[in-house]
Amino acid sequence: METQELVDDLRRRGVETTRVELKAAAGGLPKSTVETLSAFANARGGTLLLDIDNDLRPVDADVEALRDALSRMASTDLVPPLRGEIDIEVIDGKHRIVRFDVPEVPLEDKPCYVSTRGRHHGSFIRSGEGDHRLTRR
């Protein structure tokens with residue numbers, strides 16, 4: 001789905017979905033971003049939209065810096081590293097946001113986890129609108 005269509009659909013719904021996460025990033029990448037990447041990768045994948053808040057309003061930030069930081073995070077802070085398209089998109093005809101279509105990792109590589117927290121404490125899964133720590137059960 002095109003980015004504008006995705007944002008318009010979320011606006012109609014009034015909430016995020018299991019497959020879409022919004023993060024306002026005016027001050028840089030939120031700490032919880034790495035957990036969201038792990039959660040999407042351990043589920044069916046998903047779309048992360050940066051520089052747009054939960055009220056679906058764009059936030060002004062340096063989208064090039066966000067894109068680069070997100071790319072570094074995906075490739076260095078997670079095991080296995082995530083590879084996917086990270087693009088700068090325009091919504092509402094003027095606002096630039098960052099979009100990352102996070103791929104699901106193959107079954108044999110799961111769980112995807114935050115490297116500094118280890119496999120058992122750094123693995124997350126997406127449920128509803130949130131990211132939750134994976135448990136052994």
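Predicted model: local features only at pLDDT ≥ 70, side-chain atom pairs only at ≥ 80, totals over all residues.
User: Why is valine 20 called buried?

Analyst: Buried means under 20% relative accessible area. Valine 20 has 5% relative accessibility, and therefore counts as buried. This residue lies in strand S1 (residues 20-23). Setting aside residues up to four places away in sequence, valine 20 touches Leu6, Leu10, Phe40, Thr47, Leu49 and Arg126.

User: Why does aspartate 92 count as partly exposed?

Analyst: The partly exposed class lies between the buried limit of under 20% and the exposed limit of over 50%. Aspartate 92 has 34% relative accessibility, so the residue counts as partly exposed. Its place is in the loop between S4 and S5.

User: What makes the backbone of aspartate 92 worth a remark?

Analyst: Phi of aspartate 92 is near 55°, which is a positive value in a residue other than glycine. Leucine 56 is also not a glycine, and has a positive phi of about 65°. Leucine 56 is found in the loop between strand S2 (46-50) and helix H3 (63-76). With a relative accessible area of 6%, leucine 56 is buried.

User: How do you know that strands S4 and S5 pair?

Analyst: Pairing requires at least two bridges between two strands. S4 (residues 86-91) and S5 (residues 95-102) have 6 bridges, in the antiparallel sense. In one of these, isoleucine 88 is partnered by valine 98 in S5. The two strands form a hairpin with 3 residues between them, and aspartate 92 is in the turn.

User: Which values show that the size of the chain agrees with a compact globule?

Analyst: For 137 residues, a compact globule would have a radius of gyration near 14 Å; the chain has 14 Å, and therefore agrees. Along the principal axes, the C-alpha atoms fill a box of roughly 45 × 30 × 20 Å. Buried residues account for 41% of the 137 residues. Of the contacts between residues at least 6 apart in sequence, 63% join residues at least 24 apart.

User: What makes the peptide bond from valine 79 to proline 80 cis?

Analyst: Its omega is near -5°, and the bond is cis. Proline 80 lies in the loop between strand S3 (78-79) and S4. Another cis peptide bond joins lysine 110 and proline 111, with omega about 0°. Proline 111 is in the loop between S5 and strand S6 (113-114).

User: How many helices and strands does the chain have?

Analyst: The chain has 4 helices and 8 strands. Along the sequence they follow the pattern α-β-α-β-α-β-β-β-β-α-β-β.

How values were computed: Residues numbered from 1 in each chain as written. Heavy atoms only, no water. Rg over C-alpha atoms; globule rule 2.2 N^0.38 Å. Buried < 20%, exposed > 50% of the residue type's maximum accessible area, 1.4 Å probe, protein only. Contact = heavy atoms within 4.5 Å.
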